[in-house]
Number of protein chains: 2
Amino acid sequence: MTRIAYFGPRGTFTEQAARSLAEGELVPYDSIGLAIAAVRKGETDAACVPVENSVEGPVTATLDGLAEDEPLVAVAEALLPIHFSVLARPNVDAADVRTVASHPHALAQVQRWLAQNLPSARHVAAASTAAAAIAVRDGEYDAAVVAPVAVEHYPLRTIATEVADIPDARTRFLLLRRPGELPAPTGSDRTSVVAATVNRTGALSELLTELAFRGINLTRLDARPSKGGFGEYRFFIDFEGHVAEPRIGDALAALRRRCHLRFLGSHPRADGVRPSIQPAAGNEDFVSAADWVESVRKGDTA
Amino acid sequence: MTRIAYFGPRGTFTEQAARSLAEGELVPYDSIGLAIAAVRKGETDAACVPVENSVEGPVTATLDGLAEDEPLVAVAEALLPIHFSVLARPNVDAADVRTVASHPHALAQVQRWLAQNLPSARHVAAASTAAAAIAVRDGEYDAAVVAPVAVEHYPLRTIATEVADIPDARTRFLLLRRPGELPAPTGSDRTSVVAATVNRTGALSELLTELAFRGINLTRLDARPSKGGFGEYRFFIDFEGHVAEPRIGDALAALRRRCHLRFLGSHPRADGVRPSIQPAAGNEDFVSAADWVESVRKGDTA
């Protein structure tokens with residue numbers, strides 16, 4: 001049976017994402033780094049981790065984990081709306097809630113709701129949303145702000161659902177595997193790489209120009225310092241398309257000439273957006289131009 | 001007397017940074033957003049906030065706060081090594097520590113040290129490093145992982161100093177003011193802007209090419225989704241140089257033509273690094289080329 005590592009404990013948004021991305025036994029790990037290490041070592045067949053949140057930004061533990069050690073590739077992604085549930089012990093009414101616990105990022109995303117609906121509750125930081133649910137179950141606090149899936153794991157009463165100050169806050173999750181057969185292109189795909197360049201004026205501009213001149217649209221760019229310092233950077237670049245496409249293969253080869261490049265996967269986009277192909281930048285344009293060069297080399301045409 | 005808002009409570013790394021950046025009365029605020037709002041409204045003369053950490057990445061609350069509402073400019077920066085102190089109540093020895101509290105980011109940055117030095121302690125998440133110190137003072141926990149400055153505010157005993165799993169972890173802080181007279185150029189300066197472009201293939205590549213073609217080196221680039229979604233992005237771009245320099249003014253005018261641009265300040269770099277000027281990209285090159293065009297227009301030369 002397929003085993004999928006995920007950033008646990010049970011009852012988090014990452015568990016929800018893992019359920020939507022793969023069938024099999026879900027195995028919680030205590031950190032993103034440990035979940036990534038599990039698939040790298042072959043303890044599991046895959047790992048599910050968050051990669052970016054529309055409010056908090058990139059998930060640096062995931063980016064750093066992908067850039068270092070043995071390569072892994074993303075084979076699927078999920079986009080989850082970050083709407084929380086508020087759970088309390090069965091005998092506690094909303095009016096009785098004096099303490100409400102959650103991860104600090106979650107508390108930050110429901111501040112307005114808490115001020116309006118539980119105005120007299122003290123806010124307590126927990127290590128994760130699920131840890132907050134466990135603490136409520138154990139009687140430490142009155143209520144917890146959690147992922148909706150948490151109610152399936154902990155015997156708590158739902159006070160509210162769909163709680164979110166920013167209604168369209170979303171987190172994107174990746175399903176990671178060791179390199180092997182890639183998912184087939186669907187026409188709505190995303191390709192991810194990490195590029196390390198020397199610290200030289202224009203180095204990043206050149207990489208992006210290689211993509212732009214081929215009509216390839218970026219979907220994300222994150223610059224992360226290498227080795228914990230601010231001087232040297234790694235660039236995490238996502239763009240439209242699949243490595244199986246001629247135009248994307250051509251672009252990846254050009255990037256590979258210019259920098260240390262690691263392929264982080266090609267997979268279907270969760271939002272289904274299809275690329276708009278620029279004039280002279282379609283796959284058939286790349287194929288016919290390469291065919292023409294081949295003919296010239298053979299002396300068949302000029 | 002000058003009043004400086006900072007992201008508090010008292011005893012945080014941001015207080016340490018504020019002390020190093022400005023003289024005056026330091027006024028703690030409960031969040032980065034409130035500290036920024038204080039200087040915007042004129043409650044204080046300046047605000048000190050973190051902008052990026054070499055381990056955790058960009059501080060999204062600061063970036064979003066700078067991009068929205070009335071403009072503010074950064075007039076100074078500080079680069080602090082993130083080395084923690086571990087404090088306990090006066091009667092508690094290291095061997096007696098059963099619980100250690102801190103902000104989750106701080107706990108993440110001292111995990112190895114805690115495993116080696118306080119192996120039997122349970123880790124408890126607090127809202128800030130200073131909140132953890134307060135909880136220790138109040139008897140809730142045995143020890144707290146805090147900024148070195150915390151020991152000046154809370155009557156606790158120092159168990160360890162210079163604690164950091166990643167010894168060169170650093171955070172950069174900005175001193176923000178309402179627009180007005182800018183700091184003078186020093187020869188080692190940083191200029192910051194936020195650029196909003198339409199979502200079009202090549203839009204970011206064009207902005208970076210404007211800088212690269214003028215020999216201007218980027219020092220940071222962060223892409224943040226606008227309006228909480230993943231579709232539209234804002235780019236926070238830092239580069240070498242000062243708006244008073246002809247080469248930087250020329251580049252800013254070119255960027256201004258291409259996108260919605262907001263100036264976020266020119267100020268001395270904390271690391272003292274001086275730009276390496278590319279051939280034909282010095283200030284005197286820009287001045288003499290502009291003078292030549294002026295002469296041509298007057299009919300004085302050709």
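Two strands pair if DSSP finds at least two bridges between them. Strands (E, at least two residues) and helices (H or I, at least four) are DSSP runs, numbered from the N terminus. By that scheme, B:A88 stands opposite B:A143 in strand 9 of chain B.

This is a predicted model: local features need pLDDT of at least 70, side-chain atom pairs count only at pLDDT 80 or more, and totals for chains, interfaces and linings use all residues. Residues are numbered from 1 along each chain as its sequence is written, chains are lettered from A and ligands numbered from 1 in the order in which they are written, and side-chain values use heavy atoms, with hydrogens and water left out.

**Interface of chain B and chain A**

- Contact (heavy atoms within 4.5 Å) involves 43 residues of chain B and 44 residues of chain A.
- The size of an interface is often given as the accessible area lost when the parts come together.
- Here buried area is the accessible area (1.4 Å probe) that two parts lose on being put together, summed over both. Chain B and chain A bury about 3100 Å² between them, with 52% of it on carbon and sulfur atoms.
- The rule finds 5 residue pairs in polar contact across the interface, both residues at pLDDT 80 or more. A polar contact is a pair of N or O atoms within 3.5 Å; within protein, one must be able to donate a hydrogen and the other to accept it, and residues adjacent in sequence count only if both atoms are side-chain atoms.
- On the side of chain B that touches chain A, the elements giving two or more residues are strand 3 (46–53), helix 4 (104–109), strand 11 (170–177), helix 7 (203–213) and strand 13 (218–225).
- Strand 13 of chain B gives the most to that side, with 8 residues.
- The residues on that side of chain B divide into 17 nonpolar, 16 polar and 10 charged. Ala, Val, Leu, Ile, Met, Phe, Trp, Tyr, Cys and Pro count as nonpolar, Asp, Glu, Lys and Arg as charged, and the others, Gly among them, as polar.

**Salt bridges**

- A salt bridge is a side-chain nitrogen of Lys or Arg within 4 Å of a carboxyl oxygen of Asp or Glu.
- The whole structure holds 53 salt bridges over all chains. Across the interface of chain B and chain A the rule finds 0.
- A:D93 forms a salt bridge with A:R157, with the closest N and O atoms 3.2 Å apart.
- This pair links distant parts of the chain, 64 residues apart: A:D93 sits in the loop between strand 6 and strand 7 of chain A, and A:R157 in strand 10.

**Sheet in chain A**

- An open sheet of 5 strands runs in the order 8-7-9-6-10, with mixed pairing.
- Strand 8 (122–125) and strand 10 (157–163) of chain A stand at the edges with a single partner strand each, so one side of each has no neighbour in the sheet.
- Strand 7 (99–102) and strand 9 (143–146) of chain A pair in the parallel sense over 2 bridges. A:V100 has A:A143 as its bridge partner in strand 9.
- Helix 6 (129–137) of chain A lies across strand 6 (84–88), strand 7 and strand 9, at about 160° to strand 9. Axes are lines fitted to C-alpha atoms, for helices over the stretch in contact, and angles run from 0 to 180 degrees between N-to-C directions.

**Sheet in chain B**

- Chain B has an open sheet of 5 strands in the order 8-7-9-6-10, again with mixed pairing.
- Strand 6 (84–88) and strand 9 (143–146) of chain B pair in the antiparallel sense over 4 bridges.

**Backbone**

- The peptide bond from A:G8 to A:P9 is cis, with omega near 5°. A:P9 is in the loop between strand 1 (3–7) and helix 1 (13–21) of chain A.
- B:G8 and B:P9 are joined by a cis peptide bond, with omega about 5°.
- A:D69 is not a glycine, yet has a positive phi of about 60°.
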